[in-house]
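Reader: I'd like to go through this structure with you, one question at a time. Could you start with whatever I need in order to read it?

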Amino acid sequence: MTLVVPLLAAFASAQSQPQLSKDNIDEVLEAMTLQEKATLAVGGRQSLVAGAAGGTQAIPRLGIPQTVLADGPAGLRIDPTRRGTDNTYYCTGFPVGTVMACTWNVELVEEMTKAMGNEVLEYGTDVILGPGMNLHRNPLCGRNFEYFSEDPVLSGKISSAFVRGIQSQGVGVSVKHFAFNDQEINRMENDAQIGVRAIRELYLKNFEIAVRESAPWTIMSSYNKVNGTYTQQSHDLLTTILRDEWGYEGIVMTDWGNKEGTVKAVQAGNDLMEPGNASETQRIVAAVQDGTLSEEDLNRNVRRILEYIVKTPRFNGYKYSGKPDLEAHAELVRKAAAEGMVLLKNGEHVLPFEQAPRIALFGLNAYKSIAGGTGSGNVNKPYVRHISEGLEAGGFQIDKTVANIYATYRDYQNAENAGASFLPGQALGGGATFGEGIVPEMAIRQEVVNNSVSRNDAAVIVIGRNAGEGDDRVLEADFELAQCERDLIANVCNAYHKAGKKVIVVLNVGGVIETASWKSQPDAILLAWTPGQEVGNSVADVLLGKSNPSGKLSMTFPQNYLDIPSSANFPYYKPQAQRNAGGGGFGGFGGFGQPAKIRNYDYTKYDEGLNVGYRYFNTKKVEVSYPFGFGLSYTTFQYGKPSVKVNGDGMVTVTVSVKNTGNVSGKEAVQVYISAPAGGLEKPACELKAFAKTGLLEPGQSQTLTMKIPAYDLASFNDSVSAWETAAGQYTVLVGASVEDIRGTVTFKQGKARSWKVTPALLPE
Ligand code: BGC
């Protein structure tokens, strides 16, 4: 009897606590203690899914469960094996963000991310920490592979498709890193010093599109600062722009790092601190108690977190299977990858091979291929189908002598003993990852190449590069080819061409590399990117014509790194020429005479303003190696004459028909650039405003594509009055296969100028 009374009392008290539901969020908030509110505003160790990056904390007395947040943009990143069970939890390695953007196919991205979202759901997680969508400001950014494009419209539309695909499964995304995380050097502290116009038109435009078009559940503020303030503490960014202007209703969480200013983050509208620690919780409690933080601000954030929690599968008791259909997803990855691969060169239509040939396969990454990048963008995938394996499965006969040299080299320690016919090569920034470490590409002796010619019909050379979170790429032997790679391409091309045989270069790279100096040598170049775990099969499908590549570049391939305006301020190695000259450069820091990494670099000036990617190259007519939007196909497409209509609201509708005029079926990504009339703000020569991709067109088949551009999307940002503005007058629509390959133009008039005033925000200090 004495035992029963306290139990009953406890039961009664539990009953009197409101238990969280969709309909009683205010009541639950009311019932929360200050400590509980602070607990919810700060992440904590989650114990539900091994290997997930973080979560929100449980408050059992109010029926609030933990929720689980896990990386990342190319597939779910959780531990694949767990103690005490034979079950495995591998996740599909999808094509990286850059490959998704190069498909220019929003439906396909949505289909892929539905499959990705299904894995999030079926492995018991609530939010995937992606898409990553910082702009490709400079090709050396170590995380560009996770991101989409140098263009905000392409980036924004692809992200929206990503978000819709994931969220269609009843789980959430975290759109990241908001914002200006365009480099990894000193990413925690770097101050991005940017003019407001470039902020609005470039670095925030893609996020704006994603927020307006897809309502992400969560957004991740970045580590860095913008114009002097940490983004996670910027009220201008997280409230004035994100919520008041764009109407965002989800939660904002920090990237995975604790800054001292937790209270400022709460005030700014950063709802959740990740991964969270006890001192952050205590800072919040103390600040409310001493009056420096209004409880109203905290309540506002906590309410939003509760609104998020009630949407999660965890809260709704979803019984996840732990068994998503990995085979079906792999099949999807294999097919989809070809839509993001870009055929850069196809001299004399050497590709596709009519039948699988005998080939000498060169390059370490041919045998150990790269499916995706490193860091939080990595996925614990069940396997990687290497290019050698894919080609072999496709019927290619791979030269054993050459393959054995690479196999021997892989056993790095024993290489000398094995007497392999190679010279140690130059270390690469990327290189093949064998087992644990990165193995540098190796030089192959000329006689090995020469001897292989008679045994083979053709040669395939794979050039690999990888990168990831925490560091940027370097210029030498990374953006540029290493000497041993240059020699390999030259030697193989010379030897095979002498015998009338062809050479194909496959680029298994995560980011832009220099191509201008060597691209004339091979017969064909396939930019395969890092297209997911089926990399080998996808490459084989393309080389054999089972898949017709239809990817187009989502960024420019410049002639030289120094042609890129942001190279003047991107904090990394100085190019050799400048180092030798001993010049300043690179923002005043330099590796005078030495390839020194620049550390303690605490700001980056975005002096180039709008001169990013094609906006610069096309406007200033600077020659590039491959322009934005470029990509070949095994078939040809003819564009009809475009037509345009404008309605009373200024909505522009562009229509164009596209016909497959070649011999095989294929898809074509059509791009709509707009050139604005003089009289308004000075603008780039033209800007991408819409795009669409045809379905698979059979030879002779046509499709009419219709693309809509609201008047607001034509506007540029006038920072002197803090308003988006369009000029009245005659606009030119340029419909192109790339920014340099315009197939038709048509003009329209906007009878009046328009303006959308916004609150001044993020002004430079
Ligand atoms: C990365 C994020 C990632 C997080 C959790 C951070 O270091 O910048 O992109 O989602 O870690 O793993």
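Author: Happy to! A polar contact is a pair of N or O atoms within 3.5 Å, and within protein one must be able to donate a hydrogen and the other to accept it. Please keep in mind that this is a predicted model.

Reader: With that cut-off in hand, which side chain makes a polar contact with that of arginine 304?

Author: Arginine 304 sits in helix α12, residues 295–309. Leaving aside residues up to four places away in sequence, arginine 304 touches Arg243, Gly250, Ile251 and Gly269, among others. At 2.8 Å, one side chain forms a polar contact with arginine 304, and that is the side chain of aspartate 271.

Reader: Is arginine 304 buried or exposed?

Author: Buried means under 20% relative accessible area. Arginine 304 has a relative accessible area of 13%, so arginine 304 is buried.

Reader: Let's turn to the ligand. Which residues are the closest to it?

Author: The ligand is surrounded by 14 residues. Lysine 176 has a polar side-chain atom 2.9 Å from an oxygen atom of the ligand. The closest of the surrounding residues are Asp71, His177, Tyr223, Asp255 and Glu469.

Reader: How far is a polar side-chain atom of glutamate 469 from an oxygen atom of the ligand?

Author: For aspartate 255, the distance from a polar side-chain atom to a ligand oxygen atom is 2.7 Å. For glutamate 469, the distance from a polar side-chain atom to a ligand oxygen atom is 2.5 Å.

Reader: Why is helix α8 largely enclosed by the rest of the structure?

Author: The buried residues of α8 include Phe207, Ile209 and Val211. They pack against α6, β4, α7, β6, α9 and β30. Helix α8 is largely enclosed because its buried residues number 8 of the 10.

Reader: And which residue follows α8?

Author: This residue has a positive phi, near 45°. Following α8, then, is alanine 215.

Reader: What span does helix α13 reach from its first C-alpha to its last?

Author: Helix α13 covers residues 326–340, and its buried residues include Leu332, Val333 and Ala336. Among the elements covering them are α5, β10 and β27. With 15 residues, at 1.5 Å a residue, α13 is close to its expected length, and it reaches 21 Å.

Reader: How many disulfides does the structure hold?

Author: A disulfide needs two cysteine sulfur atoms within 2.5 Å. For cysteine 102, the nearest cysteine sulfur belongs to cysteine 141 and is 16 Å away. For cysteine 484, the nearest is that of cysteine 493, 15 Å away. The number of disulfides in the structure is 0.

Reader: Is cysteine 102 buried or exposed?

Author: The relative accessibility of cysteine 102 is 0%, so cysteine 102 counts as buried.

Reader: Where does proline 60 lie?

Author: Proline 60 counts as exposed, because its relative accessibility is 66%. From valine 652, proline 60 is 592 residues away in sequence and 53 Å away in space, C-alpha to C-alpha. Proline 60 lies in the loop between β1 and β2.

Note on methods:
Residues are numbered from 1 along each chain as its sequence is written. This is a predicted model: local features need pLDDT of at least 70, side-chain atom pairs count only at pLDDT 80 or more; totals for chains, interfaces and linings use all residues. Side-chain values use heavy atoms; hydrogens and water are left out. Buried means under 20% relative accessible area, exposed over 50%, partly exposed in between (1.4 Å probe, protein chains only). Helices (H or I, at least four residues) and strands (E, at least two) are DSSP runs, numbered from the N terminus. Contact means heavy atoms within 4.5 Å. The expected span of a helix is 1.5 Å times one less than its number of residues. A residue is near a molecule or strand if one of its heavy atoms lies within 4 Å of it.
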